[in-house]
Amino acid sequence: MRLSDFDYALPQELIAQHPASPRDSARLLVLHRSGGRIEHRTFRDLPDYLRPSDVLVLNDTRVIPARLLGRKRTGGAVEVLLLRPAGERHGGRETWEALVRPGRRLRAGLRLAFGEGQAGELRAEIVAARPDGIRLVAFDGDRPVLAAAREIGKTPLPPYIHEPLDDPADYQTVYAADEGAVAAPTAGLHFTPELLARIRASGITTVTITMHIGVGTFRPVTVEDPAQHRMDAEWFEVTAAEAEAINAGRRAGGRVIPVGTSAVRTLETLTDAAGMVQAGAGWSELFIRPGHRFRAADALVTNFHLPRTTLLMLVSALAGRELILRAYAEAVAERYRFYSFGDAMLIL
């Protein structure tokens with residue numbers, strides 16, 4: 001298996017710059033693994049493929065306003081992308097792991113200011129630069145960094161989206177609750193409250209778990225042998241009640257259907273050999289690629305993913321590389337919209 005095995009051609013105009021409106025009007029490609037049949041539907045038709053005993057597993061992570069635009073003390077413009085709390089304090093200051101621009105010029109000891117003159121003004125110092133390009137940034141004052149970021153920060157967007165958001169809520173799922181992600185679980189962007197109500201009224205269980213998606217979701221694979229790639233760690237949590245709700249559906253003969261690759265990775269991290277999900281919290285570096293034996297996911301709701309990425313490898317592990325690439329070729333031919341704000345795929 002080589003990285004080049006996961007390549008495909010995509011016209012640039014098919015990369016969606018804005019979400020579908022209403023959300024559930026997005027198109028839905030239904031891929032049947034048994035027989036390889038493909039159907040073209042609309043996302044609001046999803047309940048037609050669900051059974052009363054099924055469990056739909058949603059990731060309730062919420063994207064934080066992680067982009068901080070500011071200036072160096074010398075006046076030059078800087079951008080800091082907050083990744084996660086560093087779990088350590090420097091001189092009593094709250095410290096975060098972050099990516100910075102311009103990277104090579106922002107070294108340890110440099111002082112920064114964000115939102116000058118605004119209510120959420122922040123001052124900070126770069127206290128360390130790691131070999132992987134991540135900086136440790138210590139923030140002054142007693143106010144929590146996230147509280148200030150809600151006032152002066154901006155929603156981070158994938159690098160292939162070049163147009164500004166009309167509304168930051170467009171890059172949140174309607175069930176987003178637990179702050180901590182720097183990227184949305186985009187398969188969930190297609191759900192509306194009304195569609196979720198229809199699904200639940202049909203007797204289908206919905207369960208929310210949490211995985212805070214990190215910047216690694218955009219980080220390219222740079223080695224030709226994917227086995228040499230290391231996944232960025234992402235924090236997850238599944239409570240005892242959530243695990244039991246999923247397991248109850250499985251015991252009743254239902255299918256476990258994660259919404260999005262982050263939900264798959266969380267469940268596969270915590271599911272035992274008997275197919276039962278265990279409660280837990282921690283950091284997952286699980287890399288799902290062809291050859292992975294799935295213990296949790298019986299089907300999957302997902303978006304269309306970039307070439308040569310771990311996300312494309314994950315869906316190829318579930319449905320088979322050749323079938324996935326055939327489905328992608330048909331999606332291109334049918335002018336589906338791709339990536340974060342694009343259309344969806346249901347793998348059965």
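What follows looks at the overall fold of the protein and then at its salt bridges. The model is a predicted one, in which local features need pLDDT of at least 70 and side-chain atom pairs count only at pLDDT 80 or more, while totals for chains, interfaces and linings use all residues. Residues are numbered from 1 along each chain as its sequence is written, and side-chain values use heavy atoms, with hydrogens and water left out.

The protein has 17 strands and 6 helices, taken as DSSP runs (helices H or I, at least four residues; strands E, at least two) numbered from the N terminus. The radius of gyration is 21 Å, close to the 20 Å from the globule rule for 348 residues, so the protein is as compact as a globular protein of that length. That radius is taken over C-alpha atoms, and the rule is 2.2 Å times the number of residues to the power 0.38. Along the principal axes, the C-alpha trace spans about 65 × 45 × 40 Å.

Of the 348 residues, 54% are buried; here buried means under 20% relative accessible area, exposed over 50%, and partly exposed in between (1.4 Å probe, protein chains only). As for contacts (heavy atoms within 4.5 Å), 71% of those between residues at least 6 apart in sequence join residues at least 24 apart.

Now to the charged side chains. The structure holds 24 salt bridges, each a side-chain nitrogen of Lys or Arg within 4 Å of a carboxyl oxygen of Asp or Glu. One of them pairs Arg-93 with Asp-140, with 3.5 Å between the closest N and O atoms. This pair links distant parts of the chain, 47 residues apart: Arg-93 sits in strand β7 (residues 93-101), and Asp-140 in the loop between β10 (135-139) and α1 (145-152). Arg-93 is buried at 17% relative accessible area, whereas Asp-140 is partly exposed at 26%.

In another salt bridge, Glu-151 meets Arg-143, and the closest N and O atoms are 2.6 Å apart. Glu-151 is partly exposed, at 42% relative accessible area, and Arg-143 is partly exposed too, at 35%.

Glu-234 and Arg-265 also form a salt bridge, at 2.3 Å from N to O. Glu-234 belongs to strand β13 (residues 234-238) and Arg-265 to helix α4 (residues 261-270), so this pair ties together parts 31 residues apart in sequence. Glu-234 is buried, at 8% relative accessible area, and Arg-265 is buried as well, at 5%.
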